[in-house]
Amino acid sequence: MAIQSFQPMTLITLRLIIASVLLFIVSKSTGKLQKLRRKDFKWFILLAFFEPFLYYVGETYGLTTVESTLAAVIVSTIPLFAPVLAFVVLRERIGWPSILGIIVSLLGVFFVIYEPNGGFNANPWGVALLFLAVFAAICYATVLRKIPDYYTNMNVIFYQSMLGLIFFIPTFLLTDIQTIRTIHVTRESLIALVMLSVFASVIAFVLFAGAVRKVGVTRTNVFVNLIPVFTAILSWFILDEILTLSKWIGILVVVIGLFVSQMGKIRFNKAVEDVI
């Protein structure tokens, strides 16, 4: 809906600007705005480079050339590669429940997105861009573990968004500045922009950062497999798309896989405020 009015780089830049303003207002008004320490700057600039910059570029431009079905398959490979990098960089142990849960949930993802009569028309550049997004997401989660506990999750995302603009604004000036005059903003695209900013760039990022810092890269990234599941369910409600039996089976399998991967490892004995 948003891309009907905005070019990809314009959309992403506007999302980050709105998200940064919202996070600053909330942090400042609640007295929880923390100063960025000089010694931590390198980690935050690296964090912003991988995500939002590299991930958004790969994902947004990749989706303009590759069918969403194939894109969902590629994005769902994040949990497969995340444990490897987490083990190499963070020495984060990979348990058998995590491995089994990843395999089961991936099987469910394929049930959700697979259409027996459908085919794949894969643009190689689009596929490469989506795998770039996968690589960026894994690196982001790994670098996130390097951020000191001194910072609250909200402050982490605030500085990540602010520093992300250092990468996005010059890129926007190079790619989309000529299209500004031709933008036709509709009510639907404006609402979509605000929802992307509030729900995706603020709330989702804050909660994801809290999860990574609490339970680790491997177990958090397993939940990436829920993206196509929620997409299917919301498409059913909002867009009146039909959910076949295989998709319902896939949704159930994904959820089972998630429970298997978390078996005996997460105790929900912390208040929600601890994550936020």
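A residue is called buried when its relative accessible area is under 20%, exposed when that value is over 50%, and partly exposed in between, with a 1.4 Å probe and protein chains only as the setting. By that scale arginine 37 is partly exposed, because its relative accessibility is 28%. The structure is a predicted model, in which local features need pLDDT of at least 70 and side-chain atom pairs count only at pLDDT 80 or more, whereas totals for chains, interfaces and linings use all residues. Residues are numbered from 1 along each chain as its sequence is written, and side-chain values use heavy atoms, with hydrogens and water left out.

**Salt bridge**
- The count of salt bridges (a side-chain nitrogen of Lys or Arg within 4 Å of a carboxyl oxygen of Asp or Glu) comes to one.
- Arginine 37 and aspartate 40 form a salt bridge through their side chains, at 2.9 Å from N to O.
- Aspartate 40 counts as buried because its relative accessibility is 4%.

- Phenylalanine 168 is in contact (heavy atoms within 4.5 Å) with residues including Met9, Leu16, Phe53 and Tyr56, when residues up to four places away in sequence are not counted.

**Serine 189**
- Serine 189 belongs to helix α8, which covers residues 187-215, and it is buried because its relative accessible area is 0%.
- Its side chain makes a polar contact with the side chain of serine 5 at 2.8 Å, a term that here requires a pair of N or O atoms within 3.5 Å, one able to donate a hydrogen and the other to accept it.
- Beyond its neighbours within four places in sequence, serine 189 is in contact with Met1, Ala2, Ser5 and Phe6.

**Surface patch**
- Phe230, Leu234, Trp236, Phe237, Ile238 and Trp248 make up a nonpolar patch on the surface, with about 680 Å² of accessible area together.
- Such a patch joins nonpolar side chains within 5 Å, from residues with over 30% relative accessible area and no salt bridge, and accessible areas come from the Shrake-Rupley method with a 1.4 Å probe.
- Helix α10 (residues 226-238) gives the largest share of the patch, five residues.

Definitions and conventions. Helices (H or I, at least four residues) and strands (E, at least two) are DSSP runs, numbered from the N terminus. Patches are made of residues with over 30% relative accessible area and no salt bridge: like charges are joined within 9 Å, nonpolar side chains (Val, Leu, Ile, Met, Phe, Trp, Tyr) within 5 Å.
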